[in-house]
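User: Hi! Could you walk me through this one?
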Amino acid sequence: MVRRRLFVLATLAAGLVAIAALAPAALGTSSASNAKYTVTMTDFKFKISPTRLRPGTHTFLVINRGHATHDFKIGTKKTRILNPGQRQTIKVTLKKGRVTVLCTVPGHAALGMRNRIVVR
Ligand SMILES: [Cu+2]
């Protein structure tokens, strides 16, 4: 009986750890360091989740799902110009503060391809 109770407790504890590990991603507001994110570009906006990141090095898989060419600039790093359907992975080290992400194709930032990410 005691052994069975221990097993139940261990299972509960494991479940709680799993939930704690998933929570930041599920909430979409924060992130661990060294995490990988997907950025989807359409005409003319970015879909990035989460928009709050921890300081550290992060990997972004940038995919152009629009009909126009786009790029993705975050801080000082930038992808090449991606044609529709193309993708590129970039690694960026972010410090505390706010970082602007934008598409540098003329006119696109003004059309909506500009966001701010909070790093803290
Ligand atoms: Cu663009």
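Analyst: Happy to; we can go through the overall layout, the metal site, the sheets and the core.

User: Great. What should I know before we start?
Analyst: This is a predicted model, so local features need pLDDT of at least 70 and side-chain atom pairs count only at pLDDT 80 or more, while totals for chains, interfaces and linings use all residues. Residues are numbered from 1 along each chain as its sequence is written, and side-chain values use heavy atoms, with hydrogens and water left out.

User: How many helices and strands are in the protein?
Analyst: The protein has two helices and nine strands. Helices (H or I, at least four residues) and strands (E, at least two) are DSSP runs, numbered from the N terminus. The pattern along the sequence is α-β-β-β-β-β-β-β-β-α-β.

User: What coordinates the copper ion?
Analyst: His70 (ND1), Cys103 (SG) and His108 (ND1) do, at 2.0 to 2.2 Å. Along the chain, these donors follow the spacing H-x32-C-x4-H. His70 lies in the loop between β4 (56–64) and β5 (73–74), and His108 in helix α2 (residues 108–111), 38 residues apart. Donors here are N, O and S atoms within 2.8 Å of the metal (3.2 Å for Na, K and Ca); water is not among the atoms, so sites may look incomplete.

User: Are those histidines buried or exposed?
Analyst: His70 is buried, at 0% relative accessibility, and His108 is buried too, with a relative accessible area of 9%. Buried means under 20% relative accessible area, exposed over 50%, and partly exposed in between (1.4 Å probe, protein chains only).

User: Switching to the sheets: what is the strand order in the four-strand one?
Analyst: That open sheet runs β2-β1-β4-β7, with mixed pairing. β2 and β7 stand at the edges with a single partner strand each, so one side of each is left without a neighbour in the sheet. From one strand to the next the twist averages 25° (axes are lines fitted to C-alpha atoms, for helices over the stretch in contact, and angles run from 0 to 180 degrees between N-to-C directions).

User: How do the strands pair with β4?
Analyst: Strand β1 (residues 36–42) pairs with β4 in the parallel sense over six bridges, and Lys36 has Thr59 of β4 as its bridge partner. β4 and β7 are antiparallel, over eight bridges; there, His58 has Val92 of β7 as its bridge partner. Two strands count as paired if DSSP finds at least two bridges between them.

User: Which side chains of β7 are buried?
Analyst: In β7 (residues 87–94), Gln88, Ile90, Val92 and Leu94 point to one face and are buried.

User: How many aromatic pairs does a search of the whole structure find?
Analyst: Three. In one of them, Phe46 and Phe72 have ring centres 5.4 Å apart and planes at 75°, so that pair is edge-to-face. Phe46 is in strand β2 (residues 45–48) and Phe72 in the loop between β4 and β5, 26 residues apart. Phe60 and Phe72 also form an aromatic pair, a tilted one, at 5.9 Å centre to centre with 50° between the planes. Rings of Phe, Tyr and Trp (its six-membered ring) pair if their centres lie within 6.5 Å; planes under 30 degrees apart count as stacked, over 60 as edge-to-face and the rest as tilted. Tyr37, Phe46, Phe60 and Phe72 form one aromatic cluster.

User: Last one: which residues have the most contacts inside the largest nonpolar core?
Analyst: Val39, Met41, Phe46, Phe60, Phe72, Ile74 and Ile117 do, in a core of 22 residues. A nonpolar core is a set of buried Ala, Val, Leu, Ile, Met, Phe, Trp, Tyr and Cys residues joined through side-chain atoms within 4.5 Å. The elements giving two or more residues to this core are β1, β2, β4, β7, β8 and β9 (114–119).
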